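Work through these exercises with the structure open beside you. Try each task before you read its solution.

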Amino acid sequence: MKFKAIIFGLLFPGILAAETLSSPGGIIDVTFDVNTDGVPVYSVARLSETVIKPSRMGFILKDNTNLTENFELIGSVRDSLDETWQPVWGETAEVRNNYTELLVSLRQKETNRLMNIRFRAYDDGIGFRYEFPDQRQLIYFTLVDERTEFVMTGDHIAWWIPGDYDTQEYSYTESRLSEIRQHMEKSITDNLSQTTFSPTGVQTSLQMKTDDGLYINLHEAALIDYSCMHLNLNDTTMTFTSWLTPDALGDKGSLQTPCRTPWRTVMVSDNACDILASKLILNLNEPCAYDDVSWIKPVKYMGVWWDMITNAKQWSYTWETPSVKLGLTDYSKATPHGKHGATTENVKRYIDFASEHGFDQVLVEGWNIGWEDWHGKMKDYVFDFQTPYPDFDLVGLNDYAKNKGVRLMMHHETSSAVTNYERHMRDAYELMQKYGYNSVKSGYVGNIQPKGEHHYSQWMVNHYLYAVKEAAKYHIMVNAHEAVRPTGLCRTYPNLIGNESARGTEYEAFEGNTPAHTTILPFTRLQGGPMDYTPGIFEMDLSKVNPDSKSHVNSTLAKQLALYVTMYSPLQMAADSPEMYSKYSDAFQFIKEVALDWSDSRYLDAEPGRYIVAARKAKGSDEWFVGCTANEDGHESTLDLSFLDGDKKYEATIYSDADNANYATNPQAYVISKKKVTAKTKLKMKAAPGGGYAISLKPIK
Ligand code: NOJ
Ligand code: CA
């Protein structure tokens, strides 16, 4: 069958008919054709309802040519797969990868250039990528831009953040597609560093909902050696077109055949829970690249961190800027300002608490010299990632932690001086290995150096993966902040245990996050991989942490607990201080007990921007954990516990908002109750405005 299509195509080029690929369960159809101008066109339908109208595909190249038209279809090959694989860590112990595949081969008539497009159809969406075979007609090429369209069927509701080449740290806007333009201006005023302006440009993963109740999500999978894709909307025709991140020269990427693009993905379902449960992005990534993964472990951690974020303490050691060049700096002569967070004494306090309460690691930021003028100065040589401040006993603290059964977590803030980081990376990783660190939180605050590069350009995309692969050689796990948003690469490189790459809890100490924020992130940012959201804040009035602060954390305390379940991550921080956890020790119990790795996950109830209710079963245990997060309207529902084992009885410990709780006015009002439950139990549950609830379910022996 395969061969017939190819041979037929070679004999009679250009007269092959449209091809339709149906997903294994017949739910999704993707249709491919080449139109009369030789433009490749695809469309997507779910149960015969159009999801993506006929949309063009191709590229504009720098040498004044294009790969958009004059193509003929010269062959097609079909395939399918139904396999089950085991992630090193994940939401489920097993992942089913079940798709049908269509590979179409195209030839551009005048240039003879060859371009293939590989489609995969799943029952919850599709992925496709461009593949450029080895050929003499096309070897080196530079992109002016990719021209992949996603033509929407109407003026859908979207949850979006503005297109930006350098940050995703935005609040989401919920609006009709036609309203993006009018919202964009305000969003730009609020933002940090939008490096370009497109009045209708948005980032992926983009979540939408149609008036017919279809949930559609656009993103990409396996972003490797290519620049990150945003989407530009033509708000007359409701057509999104791919918009790649430029490099320092303004080019969108340089490629050499044979090569391929990342997958462009469209998830679709009539049930919002299916979008949250989808494994499409992971499945489109390659299997694990490492033979030995025994060193990769989920991490629950505390940290010398929130005090700096709230400005109560400092990363730096002195107010002076003693460094002209690192290495020549003699900090012993500098006058300490007395607000340094990473002091030996303070770190010991965290180690003691972490050890007593069963945490794996303690993050310490501001341990290394250089923080006096670390960003905003366009310095190339900023940090050496190796020299501690005089009041941080690197060797002694690692020994101290080891004796207490915890590890320190390394911190590498690069300040986006990326060449400087690569210059020091191996020495820095070697130092970690020497003292027993096995995880690093890295960060990319500020403008990228080399100058003109962007956080999401091809060069940086390659850097982030280089750092992860190099780290693997030292058995180091990576949690990169401000890096490009993930696209499922953690399947292939599972030592990428976390990313920030979105607006995290730190913003609660700045302008605040909206109560809806964490009901949107799992639909968008989390599609590509886990987020180091750093939940667990128990003191919402931040003037109590730093008298100068006017910030307020827009969440109830119970919702902070729920985030450990609703925001899936194998890396979870308890971000508040030992004092707060001692003060609310009964609520802290949930953070201590909640699992990090799961054999099963069920999304029970969800609506983007409104609420999410999820239940997860701990890996290697019969315990379940439930979390619910709600926007400012709160959420009431009947929680059906039929996911529990029918043969067992469980003790449920329920951490819920008190009746009078409210994220703005009464966030710390919570109630803890215990109940005996079974799979037949239905619990009436209520989340306060901006609130939530968390439940642990332990089998009764
Ligand atoms: C921004 C990160 O998101 C935050 O967690 C970190 O503390 C600072 N950069 C300093 O590296
Ligand atoms: Ca950040």
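**Exercise 1. An aromatic pair**

Is Y165 buried or exposed, and what is its relative accessible area? Then classify its ring pair with W243.

*Solution.* This is a predicted model, so every value here is computed from it.
Step 1. The relative accessible area of Y165 is 7%. Buried means under 20%, so Y165 is buried.
Step 2. W243 has a relative accessible area of 6%, so W243 is buried as well.
Step 3. The ring centres of Y165 and W243 lie 5.7 Å apart, with 65° between the planes. Planes over 60 degrees apart count as edge-to-face, and that is the class of this pair.
Step 4. Y165 sits in the loop between β13 and β14, while W243 belongs to strand β19. The two are 78 residues apart, so the pair links distant parts of the chain.

**Exercise 2. A second pair**

Which class of aromatic pair do F359 and F588 form?

*Solution.* 
Step 1. Their centres are 6.0 Å apart, and the angle between the planes is 10°.
Step 2. Under 30 degrees counts as stacked, and F359 and F588 are a stacked pair.
Step 3. Find them in the chain: F359 is in the loop between α6 and β24, and F588 is in helix α13. They are 229 residues apart.
Step 4. Both F359 and F588 are buried.

**Exercise 3. The calcium site**

Which residues are the protein donors of the calcium ion (ligand 2), and how are they spaced in sequence?

*Solution.* 
Step 1. List the donor residues: E169, E482, E500 and E506.
Step 2. Write the spacing: E-x312-E-x17-E-x5-E.
Step 3. Compare E169 with E506: they are 337 residues apart, with E169 in the loop between β13 and β14 and E506 in the loop between β28 and α10. Both E169 and E506 are buried.

Definitions and conventions:
Residues numbered from 1 in each chain as written. Chains lettered and ligands numbered in written order. Predicted model: local features only at pLDDT ≥ 70, side-chain atom pairs only at ≥ 80, totals over all residues. Heavy atoms only, no water. Donors = N, O, S within 2.8 Å, 3.2 Å for Na, K, Ca; no water. Helix = DSSP H or I, 4+ residues; strand = E, 2+ residues; numbered from the N terminus. Buried < 20%, exposed > 50% of the residue type's maximum accessible area, 1.4 Å probe, protein only. Phe/Tyr/Trp six-rings, centres within 6.5 Å; stacked < 30°, edge-to-face > 60°.
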